[in-house]
Amino acid sequence: MNKIYVCFSLVFVLAAFSYYLRAEEPKNTSELKAEAKEIVAVFAGNLKPKLKKAIQDGGFEHAVNICSVEAPKIAKNLSAKTGWSVKRVNLKPRNINSATPDEFEREVLRQFNERQIKGESPPAISYAEIVGDKFRFMKAQGVEGLCLNCHGTSIQPDVKKLILEHYPDDAATGYSLGEIRGAFSLIKSL
Ligand code: HEC
């Protein structure tokens with residue numbers, strides 16, 4: 001009799017525990033998503049004012065120099081501070097060392113482009129998935145008027161020349177307003 005009782009208790013405890021684990025998962029995912037969104041906001045909130053100030057101080061050429069130094073620095077600092085891998089990736093990368101997408105990122109970027117074409121606004125487009133033992137999060141970055149000066153179809157020759165000096169393989173031009181320029185890509189080991 002006692003044995004049956006112990007057995008029942010054990011089954012009950014195991015069932016309750018597995019239910020608890022399953023109930024926990026969505027909460028963890030949404031917490032991770034919120035954390036990732038916060039990191040993206042810090043990244044963008046650091047970079048954009050620096051870009052704008054550089055343009056005001058010394059025009060687009062100066063801003064290219066600033067961006068080529070500051071953008072990688074911000075990504076590196078944020079990665080070190082948060083324990084997440086923090087990058088910006090793109091199907092047509094400028095900085096091929098940091099922005100070339102892996103297979104997962106390539107597929108998500110393709111889907112982002114489709115979602116934008118179907119009418120979603122770039123700032124609202126993001127995607128999260130647990131892949132193996134990693135939580136991955138990506139958030140689209142749309143093309144605004146300001147961006148066209150260095151990523152558009154008619155870039156001033158001096159600016160273009162300077163960009164090519166820094167990035168001889170630059171593919172990140174030819175964009176139009178409202179398109180998706182690329183995405184923040186964050187990875188956290190679980
Ligand atoms: C003054 C020129 C300039 C302007 C304006 C500018 N960018 Fe860039 N952009 C750059 C440079 C230079 C890099 C390469 C930075 C690096 O080495 O990480 C870059 C890189 C990027 C990247 C990283 C991926 C890649 O291809 O290397 C994204 C995403 C991006 N820019 C989006 C934007 C968006 C969105 C805007 C408008 C809000 C914008 N940029 C405005 C010069 C500019």
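Confidence in this predicted model is lowest in helix 1, with a mean pLDDT of 86, and highest in helix 3 (residues 103-117), at 98; pLDDT is the predictor's confidence in each residue, from 0 to 100. Helices here are DSSP runs of H or I with at least four residues, strands are runs of E with at least two, and both are numbered from the N terminus. Over the protein the average pLDDT is 91, and 93% of the residues score at least 70.

Residues are numbered from 1 along each chain as its sequence is written. Because the model is predicted, local features need pLDDT of at least 70 and side-chain atom pairs count only at pLDDT 80 or more, while totals for chains, interfaces and linings use all residues; side-chain values use heavy atoms, without hydrogens and water.

The ligand is surrounded by 22 residues, the closest being Arg 94, Cys 147, Cys 150, His 151 and Tyr 167, where a residue counts if one of its heavy atoms lies within 4 Å. By class, this shell has 13 nonpolar, five polar and four charged residues. Helix 1 gives the largest share of the shell, eight residues.

The iron atom of the ligand has a single donor from the protein, NE2 of His 151, 2.2 Å away, and His 151 is found in helix 4. Donors are N, O and S atoms within 2.8 Å of the metal (3.2 Å for Na, K and Ca), and since water is not among the atoms, sites may look incomplete.

Oxygen atoms of the ligand also pair with N or O atoms of side chains, as tabulated below.

| Side chain | Distance from its N or O atom to a ligand oxygen atom |
|---|---|
| Asn 95 | 2.8 Å |
| Tyr 167 | 2.7 Å |
| Arg 181 | 2.8 Å |

Definitions and conventions: A polar contact is a pair of N or O atoms within 3.5 Å; within protein, one must be able to donate a hydrogen and the other to accept it, and residues adjacent in sequence count only if both atoms are side-chain atoms. Ala, Val, Leu, Ile, Met, Phe, Trp, Tyr, Cys and Pro count as nonpolar, Asp, Glu, Lys and Arg as charged, and the others, Gly among them, as polar.
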